[in-house]
Amino acid sequence: MVSIGEILKGQHTGEAVELRGWIYRTRTVGGKAFVVIRDATGIIQVAISRDAVPPEAFKAAEKALIESAVIVRGKVVADKRAPGGYEIRAEDFKVLHFAEKFPIQEDLSEEFLLDIRHLWVRSQRMTTIFRIRHTVFGAVHQYFRDHGFWEVSPPMITPAGSEGGATLFQLDYFGRKAYLTQSWQLYAEALVLAMEKIYYIGPSFRAEKSRTSRHLTEYWHAEMEEAWVGMDAVIKHAESVISHACQRVAEERPDDIVAMGRTPEFLKSVKPPFEHLTYDEALKILKTKGVEVEWGKDLRTLEERALTEHKTKPIVVTHYPRVSQAFYKARDPEHPDLVLGFDVIGGDGVGEIVGGSERETDLEAIKKALIEQGEDPKAYEWYLDSRRYGSVQHAGFGMGIERLVQWVCKLEHIRDAVPFPRTPARFAP
């Protein structure tokens with residue numbers, strides 16, 4: 001058995017091969033059937049002549065509908081007229097399963113395609129995105145492991161939130177309140193004092209009723225934490241891991257990225273350092289563009305779009321007002337009304353890809369921040385122990401993998417960056 005991807009790379013030209021897959025398109029003209037087959041690696045045309053295969057094989061080819069499962073034996077030939085420039089001249093054609101009439105046709109609504117997502121994932125568009133997503137995941141793992149980080153696994157069920165109670169999914173945990181994780185944040189700060197350099201890739205959950213093109217209620221988070229360093233060090237990691245993912249996609253998936261409307265050259269140009277702005281500098285730039293932002297407010301989609309307009313690389317915004325930030329972010333010692341926090345913001349409407357900060361090490365400052373945000377410090381006693389026993393400077397960030405995939409693939413909506421999206425309006429199929 002060979003894969004279509006191997007054939008399209010010219011590895012089997014002139015050879016007799018056996019291929020298995022599913023029918024992507026099919027038509028019969030006279031004594032010939034032209035069947036386009038798909039597998040996980042691409043599509044290829046199979047030419048089936050009535051006089052070149054057994055009679056039952058040609059009848060099967062005529063009868064089989066889209067998504068029928070097949071095995072093909074034949075010779076690979078180069079043919080510029082065929083999809084991908086190669087064709088298989090069939091010597092035998094066997095249908096393992098005759099599919100019913102496939103419900104997906106042309107010009108169907110997005111809502112219908114979401115309703116039958118379990119079938120739409122077979123489309124060339126979706127499988128192209130999945131291959132790029134696979135490469136992005138591998139690149140993130142490789143980057144952190146190559147830089148001496150240990151992979152650790154925090155729990156998904158937690159007794160308290162790290163990003164505020166308003167976006168927590170609550171569970172009944174055997175008669176007690178529990179929550180789905182928003183982030184590994186609190187557990188990372190415990191583990192980093194054991195392992196020093198740690199990372200994690202896994203799901204996070206946010207009960208945000210944000211019906212935008214860049215929000216999911218369940219998404220995959222790449223998070224890192226490092227001891228003995230501050231904000232500047234982890235900004236360099238954020239820029240570098242994004243760049244590394246872009247380089248890997250450009251090298252390993254050039255045809256896929258072209259199919260998504262990007263070029264390998266564009267991704268190869270995504271190298272550190274990115275442009276850096278402070279929050280105050282960002283507000284001044286926005287004002288020149290006619291966008292007014294009240295000091296202390298988070299940057300919204302509108303502002304992020306304005307800041308990244310015509311930018312070929314993400315930008316980094318630092319030193320946000322403390323009033324809008326999570327309790328664990330360290331205050332800037334020179335400007336106590338600011339935090340040593342940052343966001344990496346991507347263009348094309350994607351917005352924040354990475355959010356990170358140096359962490360507050362002062363126990364009393366954290367307790368005060370918790371109270372200010374309406375939280376009971378007693379619920380965080382185990383977390384506060386990290387500030388009682390050997391607390392050191394540390395920093396980290398969280399990166400939304402789907403946001404990165406959305407930006408790399410130039411997707412209009414984040415829901416296509418994940419196989420089965422979860423949004424405020426949808427949790428099925």
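Analyst: Buried means under 20% relative accessible area, exposed means over 50%, and partly exposed is in between (1.4 Å probe, protein chains only). What you're looking at is a predicted model, where local features need pLDDT of at least 70 and side-chain atom pairs pLDDT 80 or more, while totals for chains, interfaces and linings use all residues. Residues are numbered from 1 along each chain as its sequence is written, and side-chain values use heavy atoms, leaving out hydrogens and water.

User: OK, why does Val152 count as buried?

Analyst: Its relative accessibility is 11%, which is under the limit, so Val152 is buried. You'll find Val152 in the loop between β6 (150–151) and β7; strands here are DSSP E runs of at least two residues, helices are H or I runs of at least four, and both are numbered from the N terminus.

User: What does Val152 touch, not counting residues up to four places away in sequence?

Analyst: Trp184, Leu191, Ile198, Tyr199 and Tyr200, where contact means heavy atoms within 4.5 Å. Arg176 is another matter: 24 residues along the chain from Val152, with 27 Å between the two C-alpha atoms.

User: What makes Gln124 count as buried?

Analyst: The value for Gln124 is 17%, also under the limit, so it's buried. Gln124 belongs to helix α5 (residues 124–146). Setting aside neighbours within four places in sequence, Gln124 is in contact with Tyr24, Arg38, Gly42 and Ile43.

User: What makes the charged end of Lys63 sit over the ring of Phe98?

Analyst: The test asks for NZ of Lys or CZ of Arg within 6 Å of the ring centre and within 35 degrees of the ring normal. For Lys63 the distance to the centre of the Phe98 ring is 4.4 Å. Arg262 has its charged end over the ring of Trp407, at 5.2 Å from the centre.

User: Which residues in the largest nonpolar core touch the most other members?

Analyst: Ile242, Phe342, Phe397 and Met399, out of 60 residues. A nonpolar core here is a set of buried Ala, Val, Leu, Ile, Met, Phe, Trp, Tyr and Cys residues joined through side-chain atoms within 4.5 Å. Helix α7 (residues 231–252) gives the most to this core, 10 residues. Another core lies apart from it, with 26 residues including Ile7, Val35, Ile48 and Ala64. Back to Ile242: beyond four places in sequence, its contacts are Val270, Phe274, Val344, Ile353, Val354, Met399 and Leu404.

User: Which residues of helix α10 are buried?

Analyst: In α10 (residues 279–288) they are Tyr279, Ala282, Leu283 and Leu286. They're on the same side of α10 because they cover an arc of only 100 degrees around the axis, taken from the directions from the axis to the C-beta atoms. Lys284, Lys287 and Thr288 are exposed on the other side. The buried residues pack against β12 (275–278), α11 (301–308) and β13 (315–318). Just after α10, Gly290 has a positive phi of about 80 degrees.

User: Why do β7 and β8 stand at the edges?

Analyst: The open sheet has 3 strands in the order β7-β9-β8, with antiparallel pairing. β7 (157–158) and β8 (170–173) each have a single partner strand, so one side of each lacks a neighbour in the sheet. Pairing takes at least two DSSP bridges, and β7 has 2 with β9 (residues 176–180). Thr158 stands opposite Tyr179 in β9.
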